[in-house]
Amino acid sequence: MPPGKKASRSEAVPAIAAGIELEKMRRRVRLSRLALFTAIAAGPVALAVAMASGPAAATAAAPNKPAPVRTAAVTADPAGYAQVFIDAWLRSSADEVGSAQARLAQSLAPDVALPEPAADAQSKLRSVTAVRSVQRGGDAWAVTVAAQYTDGTVRYFAVPVAADARGASFAVTGAPGAVAGPARATVPASPYTVHVPSDGALSSTVGEFLGAYLTGTGEVDRYLAPGVKLTPVSPAPYSAVVVREVSAVEEAAAAGQVPADGTKVRVLVQAEARDGAGRWPLAYELALTARSGRWDVAALEAGTVQGGGAR
């Protein structure tokens, strides 16, 4: 810049910014030197620590770089595809290749022949459900599908399916094979081994809570722990609920009186719901917390393991 000429505003701003960055760099250098000299004076161990922490400090001072974007791997599961195929295949007939079911089955597996069911067959297909998917290797899968008929029988079919790694495309690669159904798994021992008295405060709270949750009688919120939100079943499916048995994991649930505030227990509730169509056995796992001489429901879960434990 010529002597005597003032810098314009646009030229002065970069210069000031550069000066600030230079001053920051000098300050970091001085601090690093100070730490190094202090470590030398303190001994070899401190020196090693200072040297190990140096790069970390430099990294922290460097501008933040955006973290790389990682996408979750998509698992190809052709269970639904195999289920659609078996449903169409079992409902189709080689004598009616133009039917909607036959066209669907052939579009999913062009090289698979259609069955020839007897015209006077009494039992008809009711529903199909995929129950197991096994990846044999690479793109090859075997899907076991259960077919339930109107006479109550269930047949299982293994369907070979090819699926790309992203789960974006599928193909039935061969005719299905009739196979045995999955073996019954061993039920683990139930952790709910403590009997809870039916006339105690806990059983009473559980009964009233389920009544409000399933029948719409009363407010669900009054039985919930602070901060817990739970929407009752709507419309209410049952007219009454009767608690048959309550068992717990913790001994505190069996006490005659409500224990100290903050005491937490987990219980399994066996209940019977009633409506105009009959009686229905139901089970719920609840977590409860003691507060101010009463039990509050802290969590609800259905579909729990019931068998195997002592009662």
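The model is predicted, so local features need pLDDT of at least 70 and side-chain atom pairs count only at pLDDT 80 or more, while totals for chains, interfaces and linings use all residues. Residues are numbered from 1 along each chain as its sequence is written, and side-chain values use heavy atoms, with hydrogens and water left out.

Five helices and ten strands make up the secondary structure of the chain; helices (H or I, at least four residues) and strands (E, at least two) are DSSP runs numbered from the N terminus. Of the 311 residues in the chain, 27% are buried, where buried means under 20% relative accessible area, exposed over 50%, and partly exposed in between, with a 1.4 Å probe and protein chains only. The accessible surface comes to about 19,800 Å², and carbon and sulfur atoms hold 56% of that area; the Shrake-Rupley method with a 1.4 Å probe was used, and for residues only the protein chains shown count as cover. Among contacts with a separation of 6 or more, 50% link residues 24 or more positions apart, a contact being heavy atoms within 4.5 Å.

Turning to the strands, β7 (residues 240-248) and β8 (residues 264-275) run antiparallel and are joined by eight bridges; two strands pair if DSSP finds at least two bridges between them. In this pairing, A248 stands opposite V267 of β8. On to β9 (residues 278-291), which runs antiparallel to β8 and is joined to it by twelve bridges. β8 and β9 form a hairpin with two residues between them, and D275 stands opposite G278 of β9. T289 also lies in β9. This threonine counts as buried because its relative accessibility is 18%. Beyond its neighbours within four places in sequence, T289 is in contact with G262, T263, K264, R294, W295, D296 and A298.

Among the helices, the axes of α3 (residues 79-91) and α4 (residues 100-108) come within 8 Å and cross at roughly 140°. The two helices are therefore oblique: angles under 35 degrees count as roughly parallel, over 145 as roughly antiparallel, 65 to 115 as roughly perpendicular and the rest as oblique. Helix α3 contributes Y81, V84, F85, D87, A88, W89 and R91 to the contact, and α4 contributes Q101, L104, A105 and L108.

Terms used. Axes fitted to C-alpha atoms, helices over the stretch in contact; angles between N-to-C directions.
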